[in-house]
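My notes follow in the order in which I looked things up.

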Number of protein chains: 2
Amino acid sequence: MKQNMMYLPIILAILGLIFMYIKMVWVKKQDAGSDKMQSISKSIKEGALAFLAAEYRLLLIFVAIASVALFIISKLVDTTSWMIVPAFIIGAIFSALAGNIGMRIATDANARTAEAAKTSLPEALKVSFGGGTVMGLGVAGLAVLGLSLFFIFFTNQFMGGDGSFYENMTVVLEALAGFSLGAESIALFARVGGGIYTKAADVGADLVGKVEAGIPEDDPRNPATIADNVGDNVGDVAGMGADLFGSYVATVLAAMVLGNYVIRDMSTTTQFTDGFNNMGPILLPLVIAGVGIVASIIGTFLVGIKDNSAKEAEVQKALDTGNWASILLTLAASYFLIDWMLPETMQMSFFGEGIRDVSSINVFWSACIGLAVGALISMVTAYYTSLGKKPVMSIVQNSATGAGTNLIAGLAVGMKSTFLSVILFAAAIYGSYYFAGFYGVALAASAMMATTAMQLAIDAFGPIADNAGGVAEMSELEDHVRERTDILDSVGNTTAAVGKGFAIASAALTALALFAAYVTFTGIDGINIFKADVLAMLFVGGMIPVVFSALAMESVGKAAMEMVHEVRRQFREIPGIMEGTGTPEYAKCVDISTKAALKEMILPGLITIITPILIGLIFGAEPLGGYMAGVCVSGVMWAIFQNNAGGAWDNAKKSFEAGVEINGEMTYKGSDAHKAAVTGDTVGDPFKDTSGPSMNILIKLTCLVGLVIAPLLGNHGATEHATNEIKKEVRVEMKSIDGDMAKATITTSTTKDGKTVTNIQKLEGTAEEIEAKAKEAGEIVSVNVKKEAKTIEVEVEKKE
Amino acid sequence: MKQNMMYLPIILAILGLIFMYIKMVWVKKQDAGSDKMQSISKSIKEGALAFLAAEYRLLLIFVAIASVALFIISKLVDTTSWMIVPAFIIGAIFSALAGNIGMRIATDANARTAEAAKTSLPEALKVSFGGGTVMGLGVAGLAVLGLSLFFIFFTNQFMGGDGSFYENMTVVLEALAGFSLGAESIALFARVGGGIYTKAADVGADLVGKVEAGIPEDDPRNPATIADNVGDNVGDVAGMGADLFGSYVATVLAAMVLGNYVIRDMSTTTQFTDGFNNMGPILLPLVIAGVGIVASIIGTFLVGIKDNSAKEAEVQKALDTGNWASILLTLAASYFLIDWMLPETMQMSFFGEGIRDVSSINVFWSACIGLAVGALISMVTAYYTSLGKKPVMSIVQNSATGAGTNLIAGLAVGMKSTFLSVILFAAAIYGSYYFAGFYGVALAASAMMATTAMQLAIDAFGPIADNAGGVAEMSELEDHVRERTDILDSVGNTTAAVGKGFAIASAALTALALFAAYVTFTGIDGINIFKADVLAMLFVGGMIPVVFSALAMESVGKAAMEMVHEVRRQFREIPGIMEGTGTPEYAKCVDISTKAALKEMILPGLITIITPILIGLIFGAEPLGGYMAGVCVSGVMWAIFQNNAGGAWDNAKKSFEAGVEINGEMTYKGSDAHKAAVTGDTVGDPFKDTSGPSMNILIKLTCLVGLVIAPLLGNHGATEHATNEIKKEVRVEMKSIDGDMAKATITTSTTKDGKTVTNIQKLEGTAEEIEAKAKEAGEIVSVNVKKEAKTIEVEVEKKE
């Protein structure tokens, strides 16, 4: 069993994919309704797939260029195999495939949900959540499957070579980083492109349709209405799916990299061994991810309501039950897995403190912190963006004095929401590191991400319900159908906001784990912001998310303008369009959104990928670390600010639908205050659906690019690397002195061609014995040990 | 001459103050116009002084509490004398005094400018710029006078004590930090309180007066009109003055602290000596500041126009001429001063690189970088906020589709403007450090701040002209008077935007210099963000400016609401107010603004001061460094974003006054697009006048508080300090090896009671000679030197 543990995640992933297939067949078997409903659903599906197809063509070019670049890097660096290229390509394909599956099922499920809503609310929930489940399991299943297969393939390929276990495993994991990079690259384009697409269509449809022509949302007379519904799928389904696919893979990868460091730290005197092919700490995150899939499947069975007269609260409760069940199941399983797969006591090197003993239960505590903080940040997000809560009400109240005060209030809500979120996030870093170092941080992220399948099922159900409402409206179904889908849609809005909180928290922790892996990969001493170049790059990094957000927002504006002109043109030129006798040219609007999204995603995409490469090559590894930290700090702030401000504005606007009391008077839709709230929502839309969520990708991808080019940078950056310097560093650390006996650790790092190989020996003995061992290690002439001494460091640098 | 160089700044400062007095008498001698004008001017003055008086009462409490806290700190820490307390108090008083002088003259000058405008535009410029000059010279003169007097007093007090020159000078400079802390504390309250005051009055006056009652700006029937005009003085004159007073003092102080480190680095083999009482590098920044005052006085003579039919461009050119003349004069003087006061070659320790030789001309290059970057950032600010330029025009174009798109465009402009500003700022850090280390960074800041007197004269002239227009309007003077003051006002708006860019750039560089001084004061190795606690605090620091901004914006909202209710009440209850027969109760509105501003400034103020103290005491020196960096990075971003977005919105709105072409049609005031632009301006107002400028104070004060508590934190934070650990660290660095001869530096740092004393020796000799010297230094048993070796480090830690 233990020996073959590495095959378990594959089995679990395939189990997830089988269950996904069964669910998919079930959804497709449901009645898709009348011809009109099927035709609308088909238009949405075709539009969505047309966007994907156009996106894939663009991505093909990107993947081709990036593959060549990666191939060159792999030739320049010893520790990087050329196999990073196929891993990268397959990562990109898997991510695209996951998005494709999700998009197909979501667009299949919308009309079926509307049809089911004719019968009852429980049926409608079943179909829409079924669609979400397919999406969730597709993403999680493909992610774990891809990672596991490549891991096994690479271990067969590279383990047992000339180098140490640690060195060979580094080659394995670096090639595996290609898979993650591929996945995250697709996520960048899916999130940014999808975000631009959905908002361009939404704003365009609303500005001309609702405001100028005075026709309701989702009215079939509006030429942009199909594009609008396509946008929901492109942005919220495919974009969110690719985002979480990327986070999921990157988190597991980072945890595996840091697991390898744990093994290195424990292999000082004798090579670390365990029953799991000596790679327990590396396999653990992969196994937890696999178990999370099963827990998610079990959780989905608990999502269901019986009462046809149920309201939002009951639906929400059903989702919560399933969600918490899968979380708690994963947590319980993690406890036993950690206990089983990790040595009872591990030795980990803590920066600036040397090697410390860490009990395996500590890793479990780190995982608990990850789960707790993920849940708490989601709750904070929900508080700041929910209907009826103080922050949203403050925006509502401020709408009475006009758009200006509404906007100030909304901005302030978004800004204030950073307080608790960041405090929680800082506590997560501090706490999980305290328990188990950066391995603990990575495990915290892994635990949080383990139930990704369930999270996505809940996230994807919202847009499906939203689309179902659109189909019902466009097909002019009876009112109670729309009422039922509206209940689901309303719950979907809350889960969307919470899901965004979860996505930020996971992206931030993932970035942190990648950041830690980066520092260890480059072999630098740390990232000291008291060095002027590092500090300068910290500022540059802090600026990137701000400029990125601006570009994304402007793209929405530009694309929306084009859409407005097209819709106006159709209203003007197509005879009988307003009377319902002429058919709008839906495809033209879909085409405009598609083209605009693809065009506008290029510049932010290039900035994200090229800037870290330039900084790394010009300034070196440590300034690049400063840049990465700057992007993370600023990116997290702007992500929280934009998402929560946008969510709060949205719900402030929605508050007027049921009516709100302002200064003692009930105020409704159509009032001046409501108009002010609509303006706020217009600003909030690109915040929460385009620029805000893009921050997740920006921070993760920045750290991933850093990680992939890390071996190129070596210890002193590319310029010094060019001199072909060989550097050997020997460090002797005394642990404790008791009588004549002492414990010591000797770390030898050799850097050649920018590649650092580190070896750690743990010793116990008299001062003389330690001295003798230390001398063996390298070109040290002698090591002096004094009884009072706590630490002795000897560094020898040699140029050849 | 050289011996008495420390008295030169005093002479120059007094010269500045004498010239200020002459100018003040001249302004007051001008005709203040009709009784009505005098009465209006008097109301404004009384309102402004009433606010100051109320503010002083609050500050008295704050200063009392802070003094006790500082006294306790001074008793706990050896290097801090209790004399930091009087320095703090005097610093606060001088800053308040400078604000008071400025406010008095500004409120005296407004009616006189309006009266002069009856005659001609050149006369009006002369009076308004004369008022500004008084303000500028008052601030600069008092700052240099205070710093110099305390420096001389403290050197007499503490130099020649038991310790080394370096140790005694550290005591001097730490006491002097109290003066800076006092100044910056007042700036906090003046900037934040003033910002809230001015916008509450402005928004309140506009919402009810302009929008609801339909009466023009500055109409005497509006009860909030006096409060509005008071606000201009309170925010733009006193707030900006206190801000720059604080930057000016802090910059010079930081440069002096870093000068002391240069002296330490140069005193390795033999104590550094020069003709300037052995303190040339410390005196230099003080002397440059003094010379800058004289250069500013000369510059003011060049500001003037002859042609009565001049327009904005001519007035702007006159101001530019004066400004550039004083900058170039200061630069030329700096060249000779640097050459004269610094040794031709200095030894400075560069972090991670050891001691490096730095030619004194390098320091001049750093100063040039400071001036160039200051000017360039001001230009970038002007580009993003000026009428007719692309960014403002993009907002104008987007106003056509409503407030929503106007707001998105404005936010995007603000966000994009961070790009160039931050690149320039990063280049300034990189470049000035490259030339002369952190002393270079501090000198860059000092050079930028040297012409503060001139900068402020230009800044303060704007609000005076603005007020003059108000007086003209309220006193119903002839149209050509208002036209002339409008020309001055319009130029004032541009200089205000540019001044804000300058204020941010200077605040950021000042913070950086303080940050460098902090690291050296605490004696920590650097700030390594790869440590989890430091990274966590970097995130917390990044969050503070965001939350601070939100609080400031909300305060404006709350205060403005109170003002709206009061104005509405007066319109309702005072008979004949709209017909001009009833007199509004101006004082009530002034009172509301005053109370609201004072109440609302407390929370942000406390957050700014208490957070770094808590973090330092709980987590230690290095995490506090991470926090400081986080505040700086995020604060700079948010300052640029908010200032430029606000400035751009303001001018987008103003564009409609002359008419703009949108989609081929001329659009004017009163159009829907103009209304959208007004909404944008409402959001931009607190951005650019309250929360944006407050960021400057936040980042400077955070670093200053860190600097003042630095000695408390010692090397490992307060908790370990409590164990009374004595730590000795000896570091031997080999510089070069040539045959049998080597150069080496031995650095010995001893930390006791959280206080670190460092000693550096430079050696040249054979390996044996170096070894012998190194052994003398401390408890090292032996040092091994190998010919191939580049670096040898030996660290011995001993617990006693």
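I began with chain A: among its contacts between residues at least 6 apart in sequence, 82% join residues at least 24 apart. Two residues are in contact if their C-beta atoms, placed from the backbone, lie within 7 Å. The model is predicted, and local features need pLDDT of at least 70, side-chain atom pairs count only at pLDDT 80 or more, while totals for chains, interfaces and linings use all residues. Residues are numbered from 1 along each chain as its sequence is written, and chains are lettered from A and ligands numbered from 1 in the order in which they are written.

Chain A overall. I noted 20 helices and seven strands in chain A; these are DSSP runs, numbered from the N terminus, with helices being H or I of at least four residues and strands E of at least two. Of the 800 residues in chain A, 65% are buried. A residue is buried if 20 or more other C-beta atoms lie within 10 Å of its own, exposed if 12 or fewer, and partly exposed in between.

Core. I looked up the largest nonpolar core, which has 572 residues. Such a core is a set of buried Ala, Val, Leu, Ile, Met, Phe, Trp, Tyr and Cys residues joined through C-beta atoms within 7 Å. The residues with the most contacts inside this core are L258(A), A513(A), L258(B) and A513(B). I then followed A513(B): not counting residues up to four places away in sequence, A513(B) touches T251(B), A254(B), A255(B), L258(B), V441(B), A442(B) and A445(B).

Helix pair in chain A. Helix α5 (residues 165-213) and helix α16 (residues 586-619) of chain A pack at about 140°, with their axes 8 Å apart. Axes are lines fitted to C-alpha atoms, for helices over the stretch in contact, and angles run from 0 to 180 degrees between N-to-C directions. The angle makes α5(A) oblique to α16(A); under 35 degrees counts as roughly parallel, over 145 as roughly antiparallel, 65 to 115 as roughly perpendicular and the rest as oblique. α5(A) passes α16(A) in a right-handed crossing. A crossing is left-handed if the near helix is turned anticlockwise from the far one by less than a right angle, and right-handed if clockwise.

Helix pair in chain B. The axes of α9 (residues 360-385) and α14 (residues 479-522) of chain B come within 8 Å and cross at roughly 135°. That makes α9(B) oblique to α14(B), and their crossing is right-handed.

Positive phi. Which loop holds N277(B)? I found N277(B) between α6 (225-266) and α7 (280-301) of chain B. Phi of N277(B) is near 55°, a positive value in a residue other than glycine. N277(B) is partly exposed, with 16 other C-beta atoms within 10 Å. N663(B), also not a glycine, has a positive phi of about 50°. N663(B) sits in the loop between β3 (660-662) and β4 (665-667) of chain B, and is exposed, with 8 other C-beta atoms within 10 Å.

G469(B). I placed G469(B) in helix α13 (residues 452-474) of chain B. Is G469(B) buried or exposed? G469(B) counts as buried, with 28 C-beta neighbours inside 10 Å. Leaving aside neighbours within four places in sequence, G469(B) is in contact with R482(B), T485(B), D486(B) and D489(B).
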